[in-house]
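Follow along in the sequence and the 3D view.

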Amino acid sequence: MATVWTLPDFDDHEGVHLFTDPDTGLRAVIAIHSTKLGPAAGGVRFWHYATDDLALTDALRLSRGMSFKNAMAGLELGGGKGVVLADSPGAVITTAQLEAFGRAVESLGGRYVTAEDVGMSEARMKVIAGQTRYVSGLPVESGAAGGDPGPYTAHGVWLGVKAAAARGLGATDMKGVRVASQGVGSVGGGLARLLAKDGAILTIADVDAARAQALAAELGATAVDADAILSQDVDLFSPNALGAILHADSIPQIKARVVAGGANNQLATRADYDRLHERGILYAPDYVINAGGIINVGLEYLGHGDEAEVMARIAHIPDRLNQVWDESAETGRPAAEVADTIARRLIGRA
């Protein structure tokens with residue numbers, strides 16, 4: 001494994017913790033990027049990586065993104081991320097491994113607060129919560145903040161997509177707007193359902209082709225192969241799966257005038273900020289548009305407000321996007337760069 005300090009995505013992280021538990025087979029990374037604004041909050045994902053370095057890089061990128069996301073959302077939280085390494089693509093995390101991860105979180109004494117991400121669920125978070133108090137996104141009573149963050153993320157992305165369509169396409173509503181959505185999981189599927197109600201013309205894809213076909217049949221959408229979704233002749237491309245999908249090879253394929261979706265770390269490298277900007281594509285910075293889920297579980301953990309407060313804060317996502325786009329237009333700098341600058345200023349790293 002490369003030295004963590006030399007990895008391109010190491011960004012003066014406060015801590016990068018590697019955990020192993022031979023009894024359960026757990027191997028996990030918890031990366032803490034910043035605690036300037038509060039405890040480092042961010043979900044834990046269970047995923048299979050081709051190499052250990054890729055897992056470490058994902059944790060570094062995601063934790064930095066959480067610092068920026070929480071700062072831009074106005075939360076009293078820093079940024080962190082947990083990654084539990086799966087032994088194979090089809091592996092299932094065990095109860096014992098969940099418990100071991102909970103003990104790992106507890107050992108950090110509250111510097112990291114975990115929540116649900118890819119490969120996890122409310123039920124699995126309850127198992128983790130049996131070993132640590134530093135967990136959010138647990139089942140809650142109706143009307144309370146907390147619970148599954150997916151629907152709240154989808155709602156915020158929906159608001160952001162509409163703002164992006166208005167800004168980049170001049171659309172007064174989504175009726176007839178052609179949208180290609182990559183990923184139909186909790187966020188992508190929820191977003192597709194909301195856009196279908198708005199009258200958008202949807203093309204969808206997922207690595208699980210059967211799931212994409214089923215949702216397409218439900219919504220009257222068109223399903224295409226996963227490797228074809230990015231180059232569809234549409235108005236707006238919405239990435240809602242895993243990250244690093246916008247890069248030197250993929251950006252030239254985009255026919256859409258707007259990119260707005262819920263996936264984390266959509267741009268593979270810093271150079272891709274410029275590539276997208278130079279093509280004149282309006283970009284909604286991912287950690288601004290997809291903040292709905294962390295607003296929900298963050299307010300749950302902080303004990304600030306109820307579901308009504310969560311929804312009121314999510315409603316400000318379009319305002320923050322327009323702030324970024326306004327500064328981008330004024331300065332000529334890529335929207336992703338502008339967002340990073342604002343976020344770094346908020347966490348004291350201008």
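A polar contact is a pair of N or O atoms within 3.5 Å; within protein, one must be able to donate a hydrogen and the other to accept it, and residues adjacent in sequence count only if both atoms are side-chain atoms. The model is predicted: local features need pLDDT of at least 70, side-chain atom pairs count only at pLDDT 80 or more, and totals for chains, interfaces and linings use all residues. Numbering starts from 1 along each chain as its sequence is written, and side-chain values use heavy atoms, without hydrogens and water.

Start at Ser-136. A polar atom of its side chain lies 2.6 Å from the backbone oxygen of Val-297. Ser-136 is buried, with a relative accessible area of 2% (buried means under 20%, with a 1.4 Å probe and protein chains only). Beyond four places in sequence, its contacts (heavy atoms within 4.5 Å) include Met-125, Val-297 and Tyr-301.

Now turn to the cavities. On a 1 Å grid over the protein atoms alone, a cavity is a set of points where a 1.4 Å probe fits but cannot get out; lining residues have an atom within 4 Å of a point. Grid points are joined across faces, edges and corners, and a volume is the space filled by probe spheres set on the points. Two cavities reach 30 Å³ or more.

Ser-136 and Val-297 are among its lining residues. No charged residues (Asp, Glu, Lys and Arg) line this cavity.

The second largest cavity holds about 40 Å³. Its lining includes Lys-69 and Asp-286.

Technical notes:
Buried means under 20% relative accessible area, exposed over 50%, partly exposed in between (1.4 Å probe, protein chains only). On a 1 Å grid over the protein atoms alone, a cavity is a set of points where a 1.4 Å probe fits but cannot get out, and a pocket is an open set with protein on both sides within 12 Å along at least five of seven lines; lining residues have an atom within 4 Å of a point.
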